[in-house]
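Please look through the structure below with its sequence at hand. The paragraphs after it walk through selected parts.

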Amino acid sequence: MKRAFAIIGASMSMALHPVEIIIGEPVTERVHEPFSVDFDADGVLYGVEFTKANRVFMLAGGKLSFIAGRLRMSSAKTPDEDALDGEASNALFNGMHDIAIAGRIVYIADTFNNRIRTLDLASKTVRTLTGGSRAGYAGDGNSAENALFNQPICAVLSPDRSMLAVADIGNGRARIIDTASRIIRTAAGTGRKGTVIEGTNAVDSPMSGVRALALAADGTLYIALREGNSLVAVRDGIVSVAVNVSGKAGYSGDGGPGRDAMLKGPKYLAMDPKGRVLIADTENHAIRRYDPSSGVIDRIAGTPTKYGNTIGTTLLDTKLKRPHGVRIGPDNLIYVVDTENDRILRARYE
């Protein structure tokens, strides 16, 4: 019997797409802790592994291949191994968390190397765009090539590719790089942990765990706070809480106002074509969706608070284990990076 997935509210008369494992055993070679995926202009999927392997992979024509990074089953390193730019297959990464693609350039959040790096798909070379071997906070108002970060954990592009937003988690800030001028600035956070101060300038508000970012077409910057267990929105520089005003860790609120709902350690964000925010509610083993137009939050994948690896008849009864990524592909299917099950799932999306 075919497994199928119907998003909340989808018409049952519509053709349904099965819930599939597209990367991971038994359908492909194994990946180790996949964290994030994105697509190039041809619809080819690329992704990054975390510290158990530290490689960049691609899926084309149903074939999985590893295109950058040496297999490195540890985060330990010696000084002469630091980063190592150059030929892609020889590059060294350390704890990659995110990937974003513009044209033939892949942006990589190389977190434990404190760098944002690029992979040129044409020349197959890796170089450091910003950051350095030591953790720090520097560079705002100047060229990003001289900036310092403290574990840049997420790097996302604006819809028009004019901005690269970086979650600088160790510095407690969201930072923006202009992709044309390469000038960097802070967009949110003070570097201090604490409760978000709604209605203030985002750069004047503390934030606990700036873990993931998403840039909406209307200019809104969304921020997932890992320790703050919430989703906040920055509009015209002013910050407000969209999901979980209490900041307490837990699970609740589906079908109701996001502000009253609870999250637990959210780790990733992505925008869908209708301007809704997808949230990897990682420690709840679920994917949630927040609609800014209505303020409502819903669950769209996973079985909250209980992890597993069973593929269900829908994504809503499919068990996940600490998902760290989610993306809507160019085929309008949803891709769920089911990290600790070492797999990527695909299903219909409405």
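What follows covers a sheet, the nonpolar cores and one arginine.

The model is predicted. Begin with an open sheet, in which five strands are arranged in the order S6-S10-S9-S8-S7 with antiparallel pairing. At its edges stand strand S6 (86–87) and strand S7 (96–102); each has a single partner strand, so one side of each is left without a neighbour in the sheet. The partner relation can be followed in S7 and strand S8 (residues 105–110), which pair in the antiparallel sense over six bridges. Within this part of the sheet, alanine 102 stands opposite isoleucine 105 in S8. In general, strands of a sheet pair through backbone hydrogen bonds, either parallel or antiparallel.

Next come the nonpolar cores. In soluble globular proteins, nonpolar side chains tend to be buried together. The largest nonpolar core here has 57 residues, and the residues with the most contacts inside it are Leu213, Ile223, Leu231, Val243, Leu269 and Ile334. Take leucine 231: once its neighbours within four places in sequence are left aside, its contacts include Tyr222, Ile223, Val241, Val243, Leu263, Leu269, Ile279 and Tyr290. A second, separate core has 19 residues, among them Met58, Met96, Ile101 and Val126.

Last, turn to arginine 175, which lies in strand S13 (residues 173–178). Is arginine 175 buried or exposed? Its relative accessible area is 0%, so arginine 175 counts as buried, the cut-off being under 20%. The side chain of arginine 175 is joined to that of aspartate 168 by a polar contact of 3.0 Å.

Technical notes
Residues numbered from 1 in each chain as written. Predicted model: local features only at pLDDT ≥ 70, side-chain atom pairs only at ≥ 80, totals over all residues. Heavy atoms only, no water. Helix = DSSP H or I, 4+ residues; strand = E, 2+ residues; numbered from the N terminus. Buried < 20%, exposed > 50% of the residue type's maximum accessible area, 1.4 Å probe, protein only. Polar contact = N/O pair within 3.5 Å; in protein donor to acceptor, adjacent residues only side chain to side chain. Pairing = 2+ DSSP bridges. Core = buried A, V, L, I, M, F, W, Y, C linked by side-chain atoms within 4.5 Å. Contact = heavy atoms within 4.5 Å.
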